[in-house]
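Hi everyone, thanks for making the time. I'd like to walk you through one model today, so let me put it on the screen.

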Amino acid sequence: MQNNENSPIPIGWVGGFPPAGSPMLYPTRDLSSLPMLSNMDNISFLQRQLGVRWPEFSWETQKDSPNKRRCYQQFAPYISRAGYTDEGRVYSVICPQQGVWLKDEICINVEVTVTGQRGWVNEVTKEVAIDMTVEGKIWLTPNEQQGDKIKEIWPLLEYSFPKFPLNKDNAIRVTTHKQNDPDQPIFEVIHGLNPEFENPPFALHEGKAFATAYLAVEIGDIKLTKDKVVDDFNQLIMKAFNIGSGNMLQPGNTLSWNLWFTEPALVNKEEWKNHAEFWRNSIDVHHCSPTGNGTDARYFDGSKFSPEANAVEEIIKDIINYVRKHL
């Protein structure tokens, strides 16, 4: 599990990766000599970790408007972590998973699945450099967590031949890529805070964090299943999610993330391996995060984001009508 932010740094740090003079170090920060590794294949190498105590997300709710209305939201504490060796080489990254309620009617799981990673951490300089590829996965939580309207159509979804996104195996898969570069699936986690926008005071944790880093990933299209009934249904679920989240995963939008790390801690390899399942069960059963919940999405002035009630009601009606029409 993660360190308490006031706990001492455990002994065992060796350092030395990358070696002095390597182009992998700042300011060149070129990690291309490292292979992109599957995220769960090398857990046995993990010895130390940096936990993201304050995961501060940010995105534009109206990216195509003159007033783009940037939103800021802190996700659950320690929703993400970087795992590395005593020398500093990163071998695994835990990424966010959370639940989203929409008007007490639709309950959705959202997971950022790391498909590849490479990089390093330096506990002395407090620098982080990681390259990643990720895929967003979205699926409906179990029937008992849904509102009455969705429960009514659930048997039609569950027992029909098409494979609707009722579990992670059949999740809606959202592609991502480097900001402004659709042909480059690899994006960078860079030391410091994102310089492209200003952060409100409630999204800053100066003097508390051990280290900081940031990333910016652009949202692509969802992957098609080759079943038009499912693909059109998935588009409706994505529309519902974006209405409820302020277009967080709208194609072409950039999801930015300032990472505020707490002090290094040792890795429990068994806990690391089971982390995703543990969080998923917590979300499914209690609809909350096991390390505490994050904050509501807010604009720079502190006012809360709230989806338009009429738009939410309309998309729920569209989903129900679609299911009844096609199934």
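Let's start with the overall picture: of the 327 residues in this protein, 54% are buried, where buried means under 20% relative accessible area, exposed over 50% and partly exposed in between, using a 1.4 Å probe and protein chains only. Please keep in mind that this is a predicted model, with local features needing pLDDT of at least 70, side-chain atom pairs counting only at pLDDT 80 or more, and totals for chains, interfaces and linings using all residues. Residues are numbered from 1 along each chain as its sequence is written, and side-chain values use heavy atoms, leaving out hydrogens and water.

How confident is the predictor? The mean pLDDT, a per-residue confidence from 0 to 100, is 89, and 90% of the residues reach 70 or more. Over residues 1-5, though, the pLDDT is below 50.

As for secondary structure, we have 4 helices and 13 strands, taken as DSSP runs (H or I of at least four residues for helices, E of at least two for strands) and numbered from the N terminus.

Now to the inside. Leaving aside residues up to four places away in sequence, M132 touches, among others, M36, V93, P185 and F187, a contact being heavy atoms within 4.5 Å.

On to charges. There are 15 salt bridges, each with a side-chain nitrogen of Lys or Arg within 4 Å of a carboxyl oxygen of Asp or Glu. R48 sits in strand β1, E123 in the loop between β6 and β7, 75 residues apart. Both partners are buried.

Compare K63 and D64, which meet at 3.1 Å, N to O: K63 is buried at 18% relative accessible area, while D64 is exposed at 63%.

Then there's D232 with K228, at 2.6 Å. Why are they about one helical turn apart? Because they lie 4 residues apart in helix α2. D232 is partly exposed at 28%, and K228 is exposed at 60%.

Finally, R29, R118, D131 and E188 are linked in a network of salt bridges.

Methods
pLDDT is the predictor's confidence in each residue, from 0 to 100.
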